[in-house]
Amino acid sequence: MANQGGALDFEGVEQSHEVAVQMYDVVVFDRVGTIESITVNANIEHTYRGDIYLELRHGGVSINIFNGHEVDSPWEDNITLEAVEVNGFEGANLAGDWELFAVDTYGYDVGQIMNWSIDFTVSE
């Protein structure tokens with residue numbers, strides 16, 4: 001089971017560097033099932049990936065899936081996540097809102113979430 005998110009822009013917010021630009025995209029599942037595993041895919045265009053932080057959120061739980069401060073080459077552009085295994089939702093119910101939450105911790109650069117998807121393994 002997979003779901004695709006659309007493009008979202010980081011740019012267009014004038015601010016000081018102390019204030020982060022935050023954005024999110026929500027997909028809603030009405031299917032009931034118990035989560036066994038999750039992987040996330042995402043393509044993000046950005047001028048500096050070292051200041052990007054991504055979380056997957058569901059049911060009051062937030063799991064970090066990317067932290068630009070911890071990558072080997074933060075000065076590079078763009079982020080590609082391919083089948084990133086997300087641990088922490090095992091045993092949870094699939095139904096409800098699933099949110100990809102992104103923070104650009106330095107608001108003077110620009111980027112956008114081009115697409116993203118969630119793949120679930122679910123037991124009934």
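**Close-up views of a predicted model**

**View 1. Ala83 and its positive phi****.** Ala83 is partly exposed, its relative accessible area being 49%. The model shown here and in the other views is predicted. Ala83 belongs to strand 7, and its phi is positive, at about 50°, although the residue is not a glycine. Most residues other than glycine have a negative phi.

**View 2. Asn78 in the loop between strand 6 and strand 7****.** A positive phi, near 65°, is also found at Asn78, a residue other than glycine. Asn78 has a relative accessibility of 34% and therefore counts as partly exposed, since partly exposed residues fall between the 20% limit for buried and the 50% limit for exposed.

**View 3. A nonpolar surface patch at Tyr24, Val26 and Val28****.** Val28 is part of strand 3, which spans residues 21-29. The relative accessibility of Val28 is 59%, so this residue counts as exposed.

**View 4. The largest nonpolar core****.** This core comprises 27 residues, and those with the most contacts inside it are Ile38, Leu56, Trp98 and Phe120. Two or more residues each are supplied by strand 3, strand 4 (34-46), strand 5 (52-58), strand 6 (61-67), strand 7 (79-85), strand 8 (96-104) and strand 9 (111-123). In soluble globular proteins, nonpolar side chains tend to be buried together.

Methods. Residues numbered from 1 in each chain as written. Predicted model: local features only at pLDDT ≥ 70, side-chain atom pairs only at ≥ 80, totals over all residues. Heavy atoms only, no water. Patch = residues over 30% accessible without salt bridge, like charges linked within 9 Å, V, L, I, M, F, W, Y side chains within 5 Å. Areas by Shrake-Rupley, 256 points an atom, 1.4 Å probe, with all protein chains shown as cover. Salt bridge = Lys/Arg side-chain N within 4 Å of Asp/Glu carboxyl O. Helix = DSSP H or I, 4+ residues; strand = E, 2+ residues; numbered from the N terminus. Buried < 20%, exposed > 50% of the residue type's maximum accessible area, 1.4 Å probe, protein only. Core = buried A, V, L, I, M, F, W, Y, C linked by side-chain atoms within 4.5 Å.
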